[in-house]
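Dear colleague,

Here is the structure you were going to look at, and below it I have set out what was found, going through the parts one after another. Please keep the sequence and the 3D view open while you read.

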Amino acid sequence: MSDVKETIQKTVTDNSVVLFMKGTKEMPQCGFSSRVAGVLNYLGVEFADVNVLADENMRQGIKDFSDWPTVPQLYVKGEFVGGCDIITEMTLSGELDTLFTEQSITFDKDAADKIREANG
Amino acid sequence: MAITAQEIETLLREGFPEGQITVQGDDGQHFAAEVIDASFVGRNRVQQQRAVYAALKGKMDGSEGELHALALTTKAPS
């Protein structure tokens, strides 16, 4: 079990943006995972995806690691940012832009504005 | 085992007796809950939602958790 913890810690340390999700960013297998991966893809954010369905230890491990019972889970620079609802809210409020800017994560600001226009 | 909107609401009311709670959804699988509670003042969204998950007492948890799809909105009272 501690192996999983180490793997997760290494993954979120080695990658600026990590999405723990059901399925992959090319083929999400859950609507909530799909939504968050979709936002990141649309914003052109480079991110690592971890498919929790591929590994039962990971599926439970990430919940314990984050003290968060659901997937997807977004990490930026080693910090847990939130799940689907939080990411959606932050996208619409512009807080996600602020976070990416502060953390020097490259993203397409125009695309973010377009999401907000379409959901304004 | 399926859960009903009523059961979710009951758990949330136990967890947030003074809170404003709305639960929607009646297909037994997909729900939306909004919790507005004074205890959320000064806490970020992750902390707020952790408190809500705690009130749901493991219903969200594990592969056999009864509750898969809960859209959650948390706010401090304005």
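Before the sheet is described, one term is needed: two strands are said to pair if DSSP finds at least two bridges between them. Please also bear in mind throughout that this is a predicted model.

With that term in hand, we can turn to the sheet in chain A, which is an open one of 4 strands, arranged in the order E2-E1-E3-E4 with mixed pairing. Its edge strands, each of which pairs on one side only, are E2 (48–51) and E4 (79–82) of chain A, and from one strand to the next the twist averages 25°. E1(A) and E2(A) are joined over 4 bridges and pair in the parallel sense, and if you look for one residue of this region in the view, you will find Met21(A) standing opposite Asn51(A) in E2(A). Helix H2(A) packs on the sheet, where it touches E1, E2 and E3 of chain A, and its direction makes about 160° with that of E1(A).

As for chain A as a whole, it has 6 helices and 4 strands, and these follow the pattern α-β-α-β-α-β-β-α-α-α when read along the sequence. A compact globule of 120 residues would have a radius of gyration near 14 Å, and because chain A has 14 Å, the two values agree. The C-alpha trace of chain A spans about 45 × 25 × 25 Å along its principal axes, and 38% of its 120 residues are buried. If we take the contacts in chain A between residues at least 6 apart in sequence, 60% of them join residues at least 24 apart.

Which residues touch the most other members of the largest nonpolar core? In this core of 32 residues they are Leu19(A), Phe20(A), Val36(A) and Ile87(A). Several elements of chain A each supply at least two residues of the core, among them helix H1 (2–14), strand E1 (17–21), helix H2 (31–42) and strand E3 (73–76). Leu19(A), when its neighbours within four places in sequence are left aside, is in contact with Val36(A), Ala37(A), Leu40(A), Phe47(A), Asp49(A), Pro72(A) and Leu74(A). There is also a second, separate core of 16 residues, which includes Leu12(B), Ala33(B), Met60(B) and Leu67(B).

This brings us to chain B, whose secondary structure comes to 2 helices and 3 strands, in the pattern α-β-β-α-β along the sequence. For its 78 residues a compact globule would have a radius of gyration near 12 Å, and chain B, with 12 Å, therefore agrees with that value. Its C-alpha trace spans about 35 × 20 × 20 Å along the principal axes, while buried residues make up 29% of the chain. Of the contacts in chain B with a separation of 6 or more, 45% are between residues 24 or more positions apart.

Finally, how many residues of chain B are in contact with chain A? There are 10 of them, and they are in contact with 8 residues of chain A. On the side of chain B that touches chain A, helix H2 (45–55) and strand E3 (69–75) of chain B each supply at least two residues, and the largest share, 5 residues, comes from H2(B). Sorted by class, this side of chain B has 5 nonpolar, 2 polar and 3 charged residues.

With best wishes

How values were computed: Residues are numbered from 1 along each chain as its sequence is written. Chains are lettered from A and ligands numbered from 1 in the order in which they are written. This is a predicted model: local features need pLDDT of at least 70, side-chain atom pairs count only at pLDDT 80 or more; totals for chains, interfaces and linings use all residues. The radius of gyration is taken over C-alpha atoms; the globule rule is 2.2 Å times the number of residues to the power 0.38. A residue is buried if 20 or more other C-beta atoms lie within 10 Å of its own, exposed if 12 or fewer, and partly exposed in between; C-beta atoms are placed from the backbone. Two residues are in contact if their C-beta atoms, placed from the backbone, lie within 7 Å. A nonpolar core is a set of buried Ala, Val, Leu, Ile, Met, Phe, Trp, Tyr and Cys residues joined through C-beta atoms within 7 Å. Ala, Val, Leu, Ile, Met, Phe, Trp, Tyr, Cys and Pro count as nonpolar, Asp, Glu, Lys and Arg as charged, and the others, Gly among them, as polar. Axes are lines fitted to C-alpha atoms, for helices over the stretch in contact, and angles run from 0 to 180 degrees between N-to-C directions.
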